[in-house]
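Welcome! Try each task before you read its solution.

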Amino acid sequence: MNAIAAVASRDVLKFFRDPARLAATFIFPFAIMALMGGTLQLNLGRSAGFNFIGFTFTGVLGMTIFQSSANGITSLMSDRQTDFAQSMFVSPISRYSIVFGKILGETLVALCTALPMIAFAVVLRVPLTPEQILLLGPVCLLCCFVGGAFGLVLLSMLTDERSSNQLFGFIFLPQFFLAGVFSPVSILPWYLEIFSLLSPLRYVVDLIRDVAYAGRAEYHKVVLFDAGLNLLAMATMFVIFMVVGTALFVRRETNR
Amino acid sequence: MKDLVKRYRKASINAVDGVSFDVRAGEFFALLGPNGAGKTTTISILTTTLTPTAGVVKIAGYDARREAAQVRRQVGIIFQTPSLDLNLSGEENIRFHAILYGLYPYRPAYRLMPGEYRRQVLELAGVLGMAEEVFRPVKKLSGGMKRKLEIIRGLLHRPRILFLDEPTAGLDAASRRNLWEYLRRVRAEYDVTILLTTHNLDEAEQADRICILDHGKVVALGTPAEVKSQLLEEHLILDAADRDQLRTELRRLEVDFQETGHFEVHLKGRSAQQVLRGLKTELTVLRTHSPTLEDAYLRILAGE
């Protein structure tokens with residue numbers, strides 16, 4: 001546990017000591033929420049029958065924490081290129097502790113980005129009750145774990161930082177649309193519906209909307225599945241990603 | 001290490017090809033070889049970060065493949081390229097390492113760490129002359145200081161064997177000299193076995209024994225003196241105003257010599273004194289040439 005805490009706290013420290021990353025993490029989601037959410041609300045809000053600022057907030061919140069935790073895991077790639085990862089791998093802790101520590105650390109980092117976003121949503125008058133805000137905490141935590149596990153699978157497929165950047169553009173961009181981050185996906189062509197159902201981000205975003213829209217009239221217009229089904233899908237994906245990702249990563253590290 | 005073989009995936013040749021050697025406790029052992037000789041691959045296998053294709057490796061009695069965790073407790077390593085986290089301070093890097101090795105429980109700040117940890121950090125930083133710098137951000141430290149910091153980190157868990165993978169690469173002459181001075185002190189104070197990889201012959205010459213690798217194979221093994229004597233021997237450099245007379249005398253003494261500018265006389269078991277006693281010609285040049293490790297190394301790599 002000490003080793004996991006050390007690996008995790010290093011990621012949190014790194015996050016707070018990187019001004020460029022801090023600025024990008026806070027400014028980008030806020031800009032999307034205000035600009036895109038505001039524009040969509042003005043043009044489509046009335047015909048859609050629900051508030052697009054709230055819709056964009058929940059989508060961007062899910063996207064940000066999922067991508068942040070997944071992206072953070074790939075810092076093991078840059079660690080490997082600077083031999084820092086090697087210094088971890090020659091220590092007597094298990095590879096699993098390293099992986100769990102990384103996921104925990106990046107989860108904490110992602111949660112640090114979620115808190116000001118929720119505060120900003122309140123400023124933008126997204127209707128959230130205190131209970132919903134409190135419930136978003138543990139929900140975001142679960143979403144981060146899925147993102148971290150997803151990042152681990154991607155990490156095992158990468159060879160260097162360049163391939164990491166390319167693969168992330170290829171993997172994440174389609175998911176933004178397939179998972180309904182910015183626009184509804186309740187009706188999709190059958191072939192896109194298949195990809196959408198395979199996207200872990202879909203369940204992450206939908207679970208957040210389950211919480212944020214609970215008890216409201218537009219719930220059924222916005223939310224795709226009930227919370228239980230989303231949780232089941234996320235738990236299943238988390239287990240698969242962790243087992244496959246850890247096994248592939250450990251094997252590749254020791255058997256180059 | 002016995003019959004070690006490593007072939008990387010998709011490679012057509014072995015990076016390490018049947019290497020065998022042993023290192024005694026407390027010894028300073030140098031692995032020498034040109035780039036691509038297999039030095040780093042060998043050290044990666046010895047430190048359990050790489051799995052061998054074949055062969056047996058035992059470190060402090062533990063099998064590197066089956067008992068990797070025990071092996072990792074016995075070794076410290078200083079990598080060829082810096083392996084410090086530049087976002088952390090020197091002490092934070094050390095603390096991170098100490099916790100990974102299970103030496104101390106996790107604490108988020110230096111002042112919250114146990115007194116024993118703080119004493120150990122200050123002691124090692126004092127030995128290496130960086131008592132103040134150890135608390136500075138790593139990105140603000142010089143290359144030499146970073147290397148010292150890695151040594152502190154590598155010694156914190158009191159390893160029995162310290163692996164140094166080209167530790168002076170990228171350092172200026174003054175930093176190199178300082179580093180070796182500190183390593184000698186560390187070796188004396190902490191009684192560790194040192195296994196060094198290098199292509200710096202001056203560094204290797206200070207080792208108790210050296211192993212020269214080329215194309216993944218051992219091409220020479222022994223003390224620096226043994227390796228030199230296996231391949232080269234001392235010779236005399238002579239010259240005289242009357243070169244014809246000197247040539248005649250050398251032929252009469254039946255010594256092997258070459259005229260490469262001066263007369264290069266190969267002693268082949270004779271002493272220099274014996275040869276000189278037989279010469280009447282007045283000499284204008286007289287000196288002995290003791291082969292260096294570099295001479296031997298270059299000859300080995302040339303395949304002579």
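Helices here are DSSP runs of at least four residues, and strands are runs of at least two, numbered from the N terminus. Keep in mind that this is a predicted model.

**Exercise 1.** Work out which pattern chain A follows along the sequence.

*Solution.* Begin with the counts: chain A holds 12 helices and zero strands. Then read along the sequence, which gives α-α-α-α-α-α-α-α-α-α-α-α.

**Exercise 2.** Find what share of chain A counts as buried, and what share of its contacts with a separation of 6 or more joins residues 24 or more positions apart.

*Solution.* Take burial to start with: a residue is buried if 20 or more other C-beta atoms lie within 10 Å of its own. Among the 256 residues of chain A, 45% count as buried. Next, turn to contacts in chain A with a separation of 6 or more: 79% of them are between residues 24 or more positions apart.

**Exercise 3.** Describe the side of chain A that touches chain B.

*Solution.* Count both partners: 23 residues of chain A are in contact with 27 residues of chain B. Now look for helices: H1 (2-16) and H5 (84-89) of chain A each supply at least two residues of this side. H1(A) gives the most, with eight residues. Finally, sort by class: this side of chain A has 10 nonpolar, eight polar and five charged residues.

**Exercise 4.** Locate where confidence is lowest and highest in chain A.

*Solution.* The average pLDDT of chain A is 80, and 89% of the residues score at least 70. Helix H4 (residues 75-81) of chain A is lowest, at a mean of 69, while helix H10 (residues 200-212) of chain A is highest, at 88.

Technical notes. Residues numbered from 1 in each chain as written. Chains lettered and ligands numbered in written order. Predicted model: local features only at pLDDT ≥ 70, side-chain atom pairs only at ≥ 80, totals over all residues. Buried ≥ 20, exposed ≤ 12 C-beta atoms within 10 Å, placed from the backbone. Contact = placed C-beta atoms within 7 Å. Nonpolar A, V, L, I, M, F, W, Y, C, P; charged D, E, K, R; others polar. pLDDT = per-residue confidence, 0-100.
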